[in-house]
Amino acid sequence: MIREALLAAISVFICYGGNYIIGQGMLERPIVVGAVTGLLLGDLKTGVLMGAALEAVFMGNVNIGGVISAEPVTATAMATTFAIISTINQEAAITLAIPIGMLTAFVVMFLKNVFFNVFAPPLDQAAAANNQRKIVFLHWFTWFLYYLIISLVSFFGILAGSAPVQALVDTIPQNLMNGLSAAGGLLPAVGFAMLMKMLWDNKLAVFYILGFVLTAYLEMPAVAVAAIGIVICVASALRDKEVIDLAKNKTAARITTEGEFSESDSEEEEEDFFS
């Protein structure tokens, strides 16, 4: 069990800690975290399936002001690990990911807003003294410590929580487990609803209706609907480019025409003056 907990912690450190080293690489997205966790644990298929399902759940999660959304990296790593090493089905593991993500979100907020404030005075002193070597050291030290602590949350959570979760599953009545599975199936729809709430525009409603008709009535697969969406995006982009180019050409022609009129008017004024 220590091996699985250690591999899950390594997955969190790689995906969460490595995400911002070279910019926002999207390594912290559940679809990547699930694949990495499954690869390390030797079950890539389950990892990809769990990551894809949790990506739909956490797709619309954002932290705005004091509102804390669930932390997706630890939630995905732990839920994927539980789905692989125990008899919990994937739907129930997806349901467990939400409270795990919320708990980790509070840990993240505590680290950012309280614990790591102790490093602010040394950084200010190093900056005032132009001690660049100390600034670089503190930067990488705090980076390593921050993501190590978050990774340890996954390590101890799986190490101490896998057995209780397994025991809890064994005692759960089948009707309740069916309810958890149904709830896990609904969570991706909730994630998409949260995303739609942020992106909804009346001008885009027609495309949403088109996608609904293609999937619900024509039963087209998601890949085919995505391909149709790409075609529509490319066609719309080309049309918008043509409209912009046309507007630019009209503006250039108007400026040229006004310049010609102004030159002819000035020549006529000069002839009238000297005559």
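1. Arg 239 is exposed, at 52% relative accessible area; for these labels, buried is under 20%, exposed is over 50% and partly exposed is in between, with a 1.4 Å probe and protein chains only. Its salt-bridge partner is Asp 240, with the closest N and O atoms 3.4 Å apart. A salt bridge here is a side-chain nitrogen of Lys or Arg within 4 Å of a carboxyl oxygen of Asp or Glu. Asp 240 itself comes out as partly exposed, at 37%.

2. A word on the ground rules. This is a predicted model, where local features need pLDDT of at least 70 and side-chain atom pairs count only at pLDDT 80 or more, while totals for chains, interfaces and linings use all residues. Residues are numbered from 1 along each chain as its sequence is written, and side-chain values use heavy atoms, with hydrogens and water left out.

3. Now the overall picture. The chain has ten helices and zero strands, taking helices as DSSP runs of H or I with at least four residues and strands as runs of E with at least two, numbered from the N terminus. Buried residues account for 32% of the 275 in the chain. If you take contacts (heavy atoms within 4.5 Å) between residues at least 6 apart in sequence, 73% of them join residues at least 24 apart.

4. Have a look at the nonpolar patch of about 630 Å², made by Met 1, Ile 2, Phe 144, Leu 148, Leu 152, Phe 156 and Leu 159. Patch members have over 30% relative accessible area and no salt bridge; like charges are joined within 9 Å, and nonpolar side chains (Val, Leu, Ile, Met, Phe, Trp, Tyr) within 5 Å. Helix H7 (residues 132–171) gives the most to this patch, with five residues. Leu 159 sits in H7 and is partly exposed, at 34%.

5. Helices H1 (residues 2–17) and H2 (residues 30–41) pack at an angle of about 145 degrees, their axes 9 Å apart. The contact uses Arg 3, Glu 4, Leu 7, Ile 10, Ser 11 and Cys 15 from H1, against Val 33, Val 36, Thr 37, Leu 40 and Leu 41 from H2. For the geometry, axes are lines fitted to C-alpha atoms, for helices over the stretch in contact, and angles run from 0 to 180 degrees between N-to-C directions.

6. Val 108, in helix H5 (residues 90–113), is buried, with a relative accessible area of 7%. Leaving out residues up to four places away in sequence, Val 108 touches Tyr 16, Glu 71, Tyr 146 and Ile 150.

7. Asp 245 is partly exposed, at 30%.

Key:
Accessible areas come from the Shrake-Rupley method with a 1.4 Å probe; for residues, only the protein chains shown count as cover.
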